Amino acid sequence: MSWLNLDSLNNIKGQITKVIQDTVVQPVQEDDEVDHVAKLENATRRVEELTELCTTQDQELTTLRRQILELQQQQQHAKVAECVAGKSVSVSKNRSEKFAFATRS
């Protein structure tokens with residue numbers, strides 16, 4: 001069987017193995033790399049979306065806090081106005097009672 005030349009057969013076997021690795025294994029590795037790149041791109045896009053959402057919600061919170069302060073100030077002004085109006089009514093009531101008493105006497 002010396003005519004078979006085993007070195008040549010091993011060489012052909014090695015070449016076939018290399019071709020199989022190049023056509024099957026390497027594309028799978030490249031697909032894995034593409035998957036990783038795609039996953040990274042998706043994750044980066046999602047982070048950007050969430051950051052944008054946080055910024056929007058921060059702006060909404062700021063607006064709501066400002067509105068709360070304005071409403072609290074309006075409430076305080078209304079209470080002060082109510083107190084002042086109540087005192088005015090009380091003062092004018094006292095004056096009219098004094099006037100009525102003075103006119104009766």
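**View 1. Burial across the protein chain.** Of the 105 residues in the protein chain, 0% count as buried. Buried means under 20% relative accessible area, exposed means over 50%, and partly exposed lies in between (1.4 Å probe, protein chains only). The model is predicted: local features need pLDDT of at least 70, side-chain atom pairs count only at pLDDT 80 or more, and totals for chains, interfaces and linings use all residues. Residues are numbered from 1 along each chain as its sequence is written, and side-chain values use heavy atoms, with hydrogens and water left out.

**View 2. Fold and surface of the protein chain.** The secondary structure comes to one helix and zero strands. Helices (H or I, at least four residues) and strands (E, at least two) are DSSP runs, numbered from the N terminus. The protein chain has an accessible surface of about 9900 Å². Carbon and sulfur atoms hold 59% of that surface. Accessible areas come from the Shrake-Rupley method with a 1.4 Å probe; for residues, only the protein chains shown count as cover.

**View 3. The salt bridge between Arg 46 and Glu 49.** The structure holds one salt bridge (a side-chain nitrogen of Lys or Arg within 4 Å of a carboxyl oxygen of Asp or Glu). Arg 46 pairs with Glu 49, and their closest N and O atoms are 3.3 Å apart. Side chains of opposite charge can pair when their charged atoms come close. The two residues sit three apart in helix α1 (residues 6-104), so about one helical turn separates them. Glu 49 is partly exposed, at 41% relative accessible area. Arg 46 is also partly exposed, at 46%.

**View 4. A nonpolar patch of Ile 12, Ile 16 and Ile 20.** These residues make a nonpolar surface patch of about 270 Å². Patches take residues with over 30% relative accessible area and no salt bridge; like charges are joined within 9 Å, nonpolar side chains (Val, Leu, Ile, Met, Phe, Trp, Tyr) within 5 Å. Ile 16 lies in helix α1. Ile 16 is partly exposed, with a relative accessible area of 48%.

View 5. Cys 54 is partly exposed at 46% relative accessibility. Cys 83 is partly exposed at 47%.
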